[in-house]
Amino acid sequence: MLTTTVTILFFGIAYGMVLYLISVGLSVTMGLMGFINLAHGVFAMLGGYATVTLMNQFGLPFFLSLAIACLLVTVAGFVLERTLYCRLYGRSELDQVLFSIGLIFASMALVRMAWGPLAQPVQLPAYLKGQTTIGPYELPSYRLALVVFGAAVISGLWLTFERTLFGARIRAAVDNGAMAQAIGINTNRLFALTFGLGTGLAALGGGLGADILAIVPAYPLQHIVYFMIVVAVGGLGSIRGPFIAALAIGLADTACQYLVPEMGAVFVFALVFALLLWRPNGIISRR
Amino acid sequence: MTEIVTAVPCLETQDLCRFFGPVRVTGDVNFTLHPGERRALIGPNGAGKTTFLNLLSGRLAPSSGKILLDGLDITQTSEVRRIKMGIGRTFQITSLFPKLTARQNVYLAVAECEGIAGAFFRPAFSHAPQMERADELLHRVGLSDVAEIAAEELPYGRQRLLEIAVALALRPKILLLDEPAAGIPTAESHVILDILETLPKEIAVCLIDHDMDLVFRFAQTITVLVQGTVFVEGTPAEIAADERVRKVYLGEGGHDGHAAA
Amino acid sequence: MNQQPASITLPVPVRRRTALTALHAIPWAVALGVYALFPGYEPLATQMFVMILFALSLDLLVGYAGIVTLGHAGLFGTGAYTAGILAAHGFNDPIATALCGMGAAALVGLLFGSCMLRTKGLALLMLSMASAFLLYELANKATGWTGGDDGLQGISFGPVLGLFEFDFRGRTAFFYTLGVLFLAFLFVRTLINSPFGWSLRGIRENDRRMGAIGCPIYQRRLTAYVIAAALAGLAGALQAQATQFVALHVLSFELSGDVLVMLILGGSGHLYGAFLGVPLFMFAQDLLAKQDPTNWQLGQGIILIGMVLFAPGGMMGIGRRLMAAVRRRARP
């Protein structure tokens, strides 16, 4: 059996990983384009639906479905950026908020029409179902896989962001878009690519976390506050900030559910309130 | 032109410094401004002129040193308080209320200055004395004919004039003008000068500009800033004759008025 | 340029805007017309009055003070629960409980507003959202007071002014909410035409400049926020009284979003935007949701996206552009 502390730590980290995967793309795109995109959760939801459908309808294995779903959503994100989002750069905060709320509503309705109102059942492969023993602890394999997989993706992301030319371009454009353009970075293409990758990561988080965040039409609205919080608390345009924020939120939320279920998420929101007052630009802000 | 009526300065800085990270943009500036004085602040791009104005107006806090207003230490005083104490300013980049009319722009400042801007229950434009003052200010800067036009629809030169009217609405004792003629064709900058010359005599004016014609005709005293420190100070004639100034500033030639940090 | 005619006093066309013309009577005439011509629609109309008041309070923030909030339902819900809880404990005079709801919402607005308004941009947006979620969770968990998920059921209110019982057809609720809306409207109209209202517009247009003319921005915005909070709380209290029921939905993010959409649909910053947007929203909702609520959701999404892309300014914006076009035509 697990002690309460280990359970909270482990479940909190697993939840934090999912939150991070979904939100990190949002942080980078918002830092890059200054676009307040409340609809980012839509892409996580689409990733979830695509994964589940590929598995259940076509009998593909879990990780292959995940990869295909990720690819599909990346393309969808890329296209949406080029057709709709790009028209709204530089518009007022209010316009961006309204547009993304509209996108949330429309996508929720479309998903409900296509898949129905009920939650999609996730058939995890057998090797993810049981428990895995590590030292003195028996941990649920699915969540363990989440943590390991999440950590791998995050390391890859870090390397890309810090070590490659593509990453350097993004960092340059986040710091000073006009300057980046002036030295010959094609910011339009950069925006679209980054947006596509960000939505792809969200899809990965949505598919991978399908057993934690149930795949239902209300998904983008249900979890919106968590995704946005991770970005706001973590800091725009950063890779590390949202990681710390996601883990903190994941742990705080899990701890609250275990220790003070009668108070629900009250403490989490109070914590967020305090954090944002303390550092309005997030714990790690590039600007 | 050089005699100064009162010996007590209305604005004074003592060893004023400001750092941006490791960079010293204002260094040990000792500066005095007397009531009614007409002063110009010049210097090459990046000399820290706008930073210095921001320190005076309270937009930026100094890293060290003191600012005195009528002998009173205002170093820690907020921007809002300093405005109430009589330090008015304009901005290098026009800063107006774009969708509001010229009259509304001035009215907002008048209302704020006269302490009625927090009033809830009186219709704004029925306050006769305030409206009259707004109209009078518009008249003074020659904008009466466009009082009902939105600020964003005014030609750029007239926006600069409106900016001066807004600053004057606050009844400043000291007026800081950050490049009032920036973006106005040199041929038309005399309009700005005409208006500056009609300012009440008791207001002390400190102006930054790259238009040397305007500066030398307007100022009684010119302060040259180089790399954040006072390089030399003197009458226009002295400055014009100063070889060193010629070297660091005038000699470079062709400064047509672009942003100084 | 400097040679101006000596006359300083100019004609004052601004006056026209504050004058009460015949146009201003239209919404009220329509409201009374509905009562006379369409009996049976009183409850729907009452619901609209409540939402118009709610949207009007949001207009003060979004349209005039330039504060975009995603947590306005938190204040509406505070008013609704205050009135509801008081009534459940036997204190059920409508006007007194409405005033209590207003007061409670103003207090909550002061508390959250004094924190939120220190920030701007994304942080402000998130704090507004978090504040409403916080209230929602509190209400959700404090089941002893709020009934939690089941809502606050079986509350009833005494007669308005001690004379008019809330009747089955909803006639009392109709006139009561219409009357309150009218008073609140007069109040908001006075407010936005006052120097205070103009200073809010100044802050919305250019807050840095407003600071540089000596405006205490934080204080002004907080005042506006508390006033808007009180009005939203009043709307919430009216809702509780008219429906004799309070559910968690009054604090939800969906409601915060809906009221923003209603306002924007009509046009923010126009005073009458709420009067256009709310009925439009509710009729469209009624029409599209009849077969399937999903249709309405899709419709709402498409309308929002389309409006942001093609018709900024909402109905009032479209109307204004049409008027301008007609006027240009009319000129030789």
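Reply: The answers below concern a predicted model, and they set computed values against the rules behind the words.

Me: Why is the pair Glu112(B) and Arg220(C) called a salt bridge?

Reply: The rule asks for a side-chain nitrogen of Lys or Arg within 4 Å of a carboxyl oxygen of Asp or Glu. In Glu112(B) and Arg220(C) the closest N and O atoms are 3.1 Å apart, and because the cut-off is 4 Å, the pair qualifies as a salt bridge. The rule finds 1 salt bridge across the interface of chain B and chain C, where 11 residue pairs are in polar contact.

Me: What makes up the side of chain B that touches chain C?

Reply: Its residues divide into 25 nonpolar, 8 polar and 16 charged, and helix 3 of chain B gives the largest share, 6 residues.

Me: How large is the area buried between chain B and chain C, and which three residues of chain B supply more of its part than any other three?

Reply: The buried area is about 3600 Å², with 65% of it from carbon and sulfur atoms. Phe97(B), Glu112(B) and Phe120(B) together supply 17% of what chain B buries against chain C, more than any other three residues.

Me: How do you know that helix 4 of chain A and helix 12 of chain C pack against each other?

Reply: Their axes are 11 Å apart, at an angle of about 115°. Residues from both helices also meet, with Leu94(A), Val97(A), Leu98(A) and Phe105(A) on one side and Asp258(C), Leu260(C) and Ile264(C) on the other.

Conventions: Residues are numbered from 1 along each chain as its sequence is written. Chains are lettered from A and ligands numbered from 1 in the order in which they are written. This is a predicted model: local features need pLDDT of at least 70, side-chain atom pairs count only at pLDDT 80 or more; totals for chains, interfaces and linings use all residues. Side-chain values use heavy atoms; hydrogens and water are left out. Buried area is the accessible area (1.4 Å probe) that two parts lose on being put together, summed over both. A polar contact is a pair of N or O atoms within 3.5 Å; within protein, one must be able to donate a hydrogen and the other to accept it, and residues adjacent in sequence count only if both atoms are side-chain atoms. Helices (H or I, at least four residues) and strands (E, at least two) are DSSP runs, numbered from the N terminus. Ala, Val, Leu, Ile, Met, Phe, Trp, Tyr, Cys and Pro count as nonpolar, Asp, Glu, Lys and Arg as charged, and the others, Gly among them, as polar. Axes are lines fitted to C-alpha atoms, for helices over the stretch in contact, and angles run from 0 to 180 degrees between N-to-C directions. Contact means heavy atoms within 4.5 Å.
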